[in-house]
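Keep the structure open beside you.

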Amino acid sequence: MIRQISIPTPGKGLLDVTREIAQAVADSRLTEGLCTILIQHTSASLSIQENADPSARRDLENWLDRHVPENDPNFTHTLEGPDDMPSHIRSALTSTTLSVPIVAGRLALGTWQGIYLWEHRRRGSTRQLVLHLGE
Amino acid sequence: MIRQISIPTPGKGLLDVTREIAQAVADSRLTEGLCTILIQHTSASLSIQENADPSARRDLENWLDRHVPENDPNFTHTLEGPDDMPSHIRSALTSTTLSVPIVAGRLALGTWQGIYLWEHRRRGSTRQLVLHLGE
Amino acid sequence: MIRQISIPTPGKGLLDVTREIAQAVADSRLTEGLCTILIQHTSASLSIQENADPSARRDLENWLDRHVPENDPNFTHTLEGPDDMPSHIRSALTSTTLSVPIVAGRLALGTWQGIYLWEHRRRGSTRQLVLHLGE
């Protein structure tokens with residue numbers, strides 16, 4: 001079973017999409033299986049991160065901002081804006097696909113885990129996720 | 001088929017869990033299929049790395065120690081200890097889920113590949129893996 | 001269904017293998033499903049990246065060259081050459097496995113996405129991919 005989900009992002013940062021993915025799992029009526037998520041972009045990515053304290057996600061964003069800064073004089077791919085090349089590097093360092101087992105009809109995430117769409121462009125946009133739900 | 005595996009970790013570093021995963025694959029009696037592993041934590045992660053020379057794993061750990069150091073003055077998420085925020089960043093940079101094909105009843109890893117649980121906290125704990133084994 | 005693909009690499013850099021993977025998907029005759037790719041090496045990896053402008057891939061390579069340089073005096077794993085230890089770190093930071101949904105008989109990649117084999121050794125070699133294609 002395939003599901004497509006569109007997620008509007010407000011700009012850079014980690015956006016919790018666990019509820020949207022969990023809804024697709026519930027709709028699939030699978031009790032055991034595997035949910036695979038692909039984000040169809042190279043300037044946004046996926047990560048499973050702590051869903052408790054928002055300060056952890058701010059520090060994650062800040063670490064990437066400092067280690068993959070805009071306006072790096074070594075960048076040559078600059079036509080699409082100063083935040084485009086950092087976005088591709090952030091995407092390569094994080095995840096484009098994730099697979100989460102389904103147990104007892106639910107995503108088998110740990111207690112403190114959430115699934116995040118990580119927007120890397122300053123200006124958000126509508127991001128497309130493709131889900132595969134299988135036994 | 002779902003399997004849950006508990007792995008006690010002795011502290012920071014890469015711990016070879018290939019044998020435990022391979023045992024679950026053998027128990028599944030699948031000759032061809034896919035084994036997906038999720039680690040249910042955000043301060044430990046997964047990586048497929050070289051299983052030959054332990055010096056490679058020490059250098060991996062050391063590189064992360066230097067690039068994601070404790071006590072970074074920019075961190076605000078510090079209540080859970082100096083090694084907690086680096087753990088989340090290390091987890092984001094490595095993998096929370098991995099999927100390995102099963103061929104002829106075995107994990108189709110390369111000759112020098114092992115599956116590692118990467119503990120990022122100084123003090124180890126018992127880490128939970130959820131495995132999905134499917135055709 | 002399992003497929004093994006051998007890819008000769010000319011040396012360091014991102015090599016587009018989308019066509020080879022897409023051919024395996026076509027051969028599988030699956031209309032909906034999941035294609036999982038494992039690279040059986042720890043000094044080469046996988047990444048889904050922009051397939052439009054080659055300058056983005058050069059900048060990705062250059063960023064890794066600067067952040068995971070050869071001849072780091074902290075490295076102890078040096079017997080296999082100066083480019084070996086950086087290769088393992090690059091592999092840990094990028095991906096060893098990827099899973100892409102199949103929709104309408106094709107890889108459900110975004111418009112600008114390609115699947116890349118990322119060779120991290122100076123001297124290329126023949127790299128082995130194992131594909132699992134399932135419903």
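This is a predicted model: local features need pLDDT of at least 70, side-chain atom pairs count only at pLDDT 80 or more; totals for chains, interfaces and linings use all residues.

B:Asn71 counts as exposed because it has 10 C-beta neighbours inside 10 Å. The cut-offs here are simple: a residue is buried if 20 or more other C-beta atoms lie within 10 Å of its own, exposed if 12 or fewer, and partly exposed in between, with the C-beta atoms placed from the backbone. You'll find B:Asn71 in the loop between helix H2 (54–67) and helix H3 (84–93) of chain B. Helices (H or I, at least four residues) and strands (E, at least two) are DSSP runs, numbered from the N terminus.

Residues are numbered from 1 along each chain as its sequence is written, while chains are lettered from A and ligands numbered from 1 in the order in which they are written.

Most residues other than glycine have a negative phi. A:Arg29, though, has a positive phi, near 60°. A:Arg29 belongs to the loop between helix H1 (18–28) and strand S3 (33–39) of chain A, and with 10 C-beta neighbours inside 10 Å it counts as exposed. B:Ala104 has a positive phi as well, near 55°. Its place is the loop between S5 and strand S6 (106–107) of chain B, and its 8 C-beta neighbours inside 10 Å put B:Ala104 in the exposed class.

Now for the inside. Is strand S3 (residues 33–39) of chain B buried or exposed? Seven of its seven residues are buried, so S3(B) is largely enclosed by the rest of the structure. Both faces are covered: on one side sit B:Gly33, B:Cys35, B:Ile37 and B:Ile39, on the other B:Leu34, B:Thr36 and B:Leu38, all of them buried. S3(B) pairs antiparallel with strand S5 (residues 97–103) of chain B over six bridges; two strands pair if DSSP finds at least two bridges between them. In that pairing, B:Gly33 has B:Ile102 of S5(B) as its bridge partner. S3(B) also pairs antiparallel with strand S8 (residues 126–134) of chain B, again over six bridges, and there B:Thr36 is partnered by B:His132.

For the sheet as a whole, switch to chain C. Five strands make an open sheet in the order S1-S8-S3-S5-S6, with antiparallel pairing. Strand S1 (2–8) and strand S6 (106–107) of chain C stand at the edges with a single partner strand each, so one side of each is left without a neighbour in the sheet. S1(C) runs antiparallel to strand S8 (residues 126–134) of chain C and is joined to it by seven bridges. One of the pairs to look for is C:Ser6 with its bridge partner C:Gln128 in S8(C).

So how do the chains meet? Taking contact as C-beta atoms, placed from the backbone, within 7 Å, 29 residues of chain A are in contact with 22 residues of chain B. On the chain A side, strand S4 (44–50), helix H2 (54–67) and strand S5 (97–103) each supply at least two residues, and H2(A) gives the most, with eight. By class, that side has 13 nonpolar, nine polar and seven charged residues; Ala, Val, Leu, Ile, Met, Phe, Trp, Tyr, Cys and Pro count as nonpolar, Asp, Glu, Lys and Arg as charged, and the others, Gly among them, as polar.

Between chains C and A, 28 residues of chain C are in contact with 22 residues of chain A. H2(C) brings the largest share of the chain C side, seven residues.

Definitions and conventions
Two residues are in contact if their C-beta atoms, placed from the backbone, lie within 7 Å.
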